[in-house]
Amino acid sequence: MPWYLYLALKQLFPTGRRFPFFTAISVLGVALGVAVLIISSSVMGGFGHKIREMTVDTQGDVQVRGDGLIADPAALQVQLMKIPGVVATTPFAEGPVAVIYQLKPQFPGLQGIDPNRIGNVIPLNRYITGGSLAALDDDSIILGSQLAIALGARLGDKVEVYSPLAFEKLRMSKGDEVFLPRELRVVGYFEFGHQALDGSVALVPLRAMQDLYGLGRAVHGINIKITHGLDADVMAERINAALPSPQHLRARSWIEINQDFLFVLQFERNMMFFLLMFIVVVAAFSVTSSLLIAVVRKTREIGLLGALGAKPRQVAACFCFQGFFIGVAGTLVGLGLGFGVLGVRDNIIEIFARITQSKAALLRFYQFSHLPSYTEPSYLVATIIGTIGISTLAGLLPAWRAAKLKPVEALRSE
Amino acid sequence: MSDAILSGRGLAKAYLSGDRRIEVLRGVDLEILPGESVSIRGESGSGKSTLLNLLSGLDTADSGELAWAGAPAHGDARARFLGMVFQSFYLIPEIDAFANVLMAARMLGAPGAVERARAKDLLARVGLAERATHLPSQLSGGERQRVAVARALLNSPRLLLADEPTGNLDEHTGDAVIELLLSLCRETGTALALVTHNVAHAKKTSRQLFLHEGKLSHG
């Protein structure tokens with residue numbers, strides 16, 4: 001081992017000292033920064049991952065829509081199924097309606113789905129929290145959990161549904177003509193864990209939706225499931241190339257459909273990562289400060305090293321390596337600490353919720369009882385490289401000062 | 001060509017103190033032969049340490065020539081050619097006595113079994129075989145200086161420069177260190193240049209020089 005590495009290690013871990021205080025404090029400072037970075041980026045990543053998963057689970061991987069209605073969805077589905085990479089398709093129709101139960105109105109978006117085929121594209125059953133998807137027929141409805149609460153409707157209750165077409169009929173009705181709304185029985189609830197969906201979406205069979213909107217056999221779009229592992233954007237391009245152009249159809253991946261939202265998520269995460277990186281920078285400054293003090297304290301020793309034949313760049317390497325070592329050790333300890341905390345994150349949330357009596361609020365506003373976590377490899381690599389890089393840079397200033405010392409002046413210093 | 005292990009010709013050094021130019025050395029000529037021991041005495045501020053710094057190549061002369069073993073002195077050769085002992089010992093506090101001695105060999109590359117054995121032997125010869133694993137803070141002043149002497153001799157230098165090595169020691173310990181230095185240099189055939197205030201110590205060397213007003217004379 002070169003003498004400057006040997007001496008750097010000895011200065012970090014002096015012989016005969018059980019607890020190297022300076023080293024421990026420096027490593028701990030860096031480790032805390034790394035741990036906070038890992039925890040925050042993983043939790044943010046977990047939220048993002050969960051939201052992406054939920055988006056795909058509600059929309060499919062790719063969605064085909066036209067300028068207007070798709071008149072013959074069955075024929076289009078046959079065409080789509082011929083494209084390599086397309087696993088399953090399901091049609092849908094959608095639009096706003098008024099749902100009234102016991103004079104309480106709500107105005108959700110109504111989704112017409114094919115109960116027999118939707119499971120091939122969207123794992124809807126996973127999100128049914130009451131009743132069942134199998135019970136959905138032309139005279140029934142499945143409500144979002146929050147929507148059901150807002151209406152006060154329970155399983156078996158009948159709700160009245162008014163579509164824009166119904167309002168139009170109501171407006172056009174004359175004399176003693178009586179217009180009756182569509183009555184649908186509640187046969188289930190779903191909960192995606194997202195306020196916007198659970199509070200303002202209801203599901204009916206596609207035929208019922210077509211009746212309510214007067215669509216005939218037409219639909220608004222087709223949701224598509226692609227082979228696992230294929231890139232959704234690439235598949236959307238492939239589908240677009242295969243679609244018949246006169247129908248003005250266009251396939252869009254779930255990424256493209258939600259690009260604004262995904263951009264916000266990514267931006268938020270990047271900003272948080274950037275800001276939290278300053279913890280590491282602050283820790284690095286403390287390393288710089290400690291090493292600078294060491295350089296001043298060891299001025300005469302540095303002079304001696306020069307007298308023994310040390311070159312300035314070797315003296316610099318000695319102090320630079322200390323910064324590097326603190327960075328590596330701090331990163332390893334920080335990773336252990338960060339992943340350790342992530343491992344018991346639910347227990348921490350549980351204790352926090354118990355102390356603050358806020359479990360209900362957490363569930364209501366953040367829609368989680370289990371804190372999601374997903375560590376994206378790119379963030380992990382950026383944390384490791386960034387921390388070690390910053391810590392090594394922290395050793396540069398003291399190293400430069402040490403290298404600048406002339407042995408003869410250093411030996412003479414008081 | 002001279003047989004001198006060290007040859008200095010017309011070495012001059014001046015410092016600026018404010019507007020004043022202080023000429024510390026005014027053309028010093030010095031030759032040290034292999035195995036010879038030379039003492040350099042002088043009043044405080046006479047430039048003894050400055051001369052030693054020039055001879056060791058740690059500082060550069062304003063004018064004059066310096067040669068080590070017939071070749072122009074160069075910093076890169078210092079670690080092999082020279083050993084140095086200082087008044088303040090300058091041991092590295094984080095490592096034990098043995099590691100401090102071995103540090104001189106580390107500067108030249110990874111120390112092997114030969115260097116380790118030599119370090120052990122030198123520690124035994126300076127009477128510190130039992131104190132090899134002690135940290136500098138656990139050693140007395142005399143013991144620290146003996147460790148420094150062992151370190152200076154580890155690379156088998158051809159010349160040992162000692163700058164007031166007894167300055168921080170009591171008389172008895174100082175005498176012992178000088179005896180040790182002289183005997184080790186004799187045994188190993190290492191030339192010695194000893195800067196000292198102590199007349200008795202100076203007289204133990206084979207040649208005594210006196211530095212006065214920037215010039216060396218026989219003392």
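What radius of gyration would a compact globule of 219 residues have, and what does chain B have? A compact globule of that length would come near 17 Å, and chain B has 17 Å, which agrees. The legends below describe a predicted model.

**Figure 1. Chain B, overall view.** Chain B holds seven helices and 10 strands. Its C-alpha atoms fill a box of roughly 50 × 35 × 35 Å along the principal axes. The radius of gyration is 17 Å, in agreement with the value for a compact globule of 219 residues. Of these 219 residues, 53% are buried. Take the contacts between residues at least 6 apart in sequence: 71% of them join residues at least 24 apart.

**Figure 2. Surface and charges of chain B.** The accessible surface of chain B is about 9500 Å². Carbon and sulfur atoms supply 48% of that area. Chain B carries 24 positive and 25 negative side chains. The centres of these two sets lie 2 Å apart.

**Figure 3. B:His201 in helix H7.** Helix H7 of chain B covers residues 199-203, and B:His201 is found in it. Is B:His201 buried or exposed? B:His201 has a relative accessible area of 2%, so it is buried; the cut-off for buried is under 20%. Leaving out residues up to four places away in sequence, B:His201 touches B:Thr166, B:Gly174, B:Asp175, B:Ile178, B:Leu194 and B:Thr196.

**Figure 4. B:Ala69, a loop residue with positive phi.** B:Ala69 is not a glycine, yet its phi is positive, at about 50°. The residue lies in a loop of chain B between strand E4 (63-68) and strand E5 (71-72). Its relative accessibility is 36%, so B:Ala69 counts as partly exposed.

**Figure 5. B:Tyr90, a buried loop residue with positive phi.** B:Tyr90 also has a positive phi without being a glycine, here about 55°. Its loop runs between strand E6 (82-85) and helix H3 (97-106) of chain B. B:Tyr90 is buried, because its relative accessible area is 9% and buried means under 20%.

**Figure 6. Chain A, overall view.** Chain A contains 17 helices and 12 strands. Along the principal axes its C-alpha trace spans about 110 × 55 × 30 Å. What radius of gyration does chain A have? The value for chain A is 32 Å, whereas a compact globule of 414 residues would be near 22 Å. Buried residues make up 46% of the 414 residues. Among contacts in chain A with a separation of 6 or more, 81% come from residues 24 or more positions apart.

**Figure 7. The two domains of chain A.** Domain 1 of chain A takes in residues 3-52 and 262-412. Domain 2 of chain A consists of residues 92-202. How far apart are the C-alpha centres of the two domains? The centres of domain 1 and domain 2 of chain A lie 53 Å apart.

**Figure 8. Surface and charges of chain A.** About 20900 Å² of chain A is accessible surface. Carbon and sulfur atoms account for 62% of it. There are 37 positive and 31 negative charges in chain A. Their mean positions are 16 Å apart.

**Figure 9. A:Leu206 in helix H8.** A:Leu206 lies in helix H8 of chain A, which covers residues 206-213. Its relative accessibility is 13%, so A:Leu206 counts as buried. Which residues does A:Leu206 touch, not counting residues up to four places away in sequence? They are A:Pro91, A:Phe92, A:Ala93, A:Gly112, A:Ile113, A:Asp114 and A:Val219. A:Asp61 is 145 residues from A:Leu206 along the chain, and the two C-alpha atoms are separated by 20 Å.

**Figure 10. A:Thr288 in helix H11.** Helix H11 of chain A spans residues 259-297 and includes A:Thr288. A:Thr288 is buried, with a relative accessible area of 11%. Beyond residues up to four places away in sequence, A:Thr288 touches A:Ala394, A:Leu397 and A:Pro398.

Conventions. Residues numbered from 1 in each chain as written. Chains lettered and ligands numbered in written order. Predicted model: local features only at pLDDT ≥ 70, side-chain atom pairs only at ≥ 80, totals over all residues. Heavy atoms only, no water. Helix = DSSP H or I, 4+ residues; strand = E, 2+ residues; numbered from the N terminus. Rg over C-alpha atoms; globule rule 2.2 N^0.38 Å. Buried < 20%, exposed > 50% of the residue type's maximum accessible area, 1.4 Å probe, protein only. Contact = heavy atoms within 4.5 Å. Areas by Shrake-Rupley, 256 points an atom, 1.4 Å probe, with all protein chains shown as cover. Lys, Arg positive; Asp, Glu negative; His and termini not counted. Charge placed at Lys NZ, Arg CZ, Asp CG, Glu CD. Domains from an automatic or database assignment.
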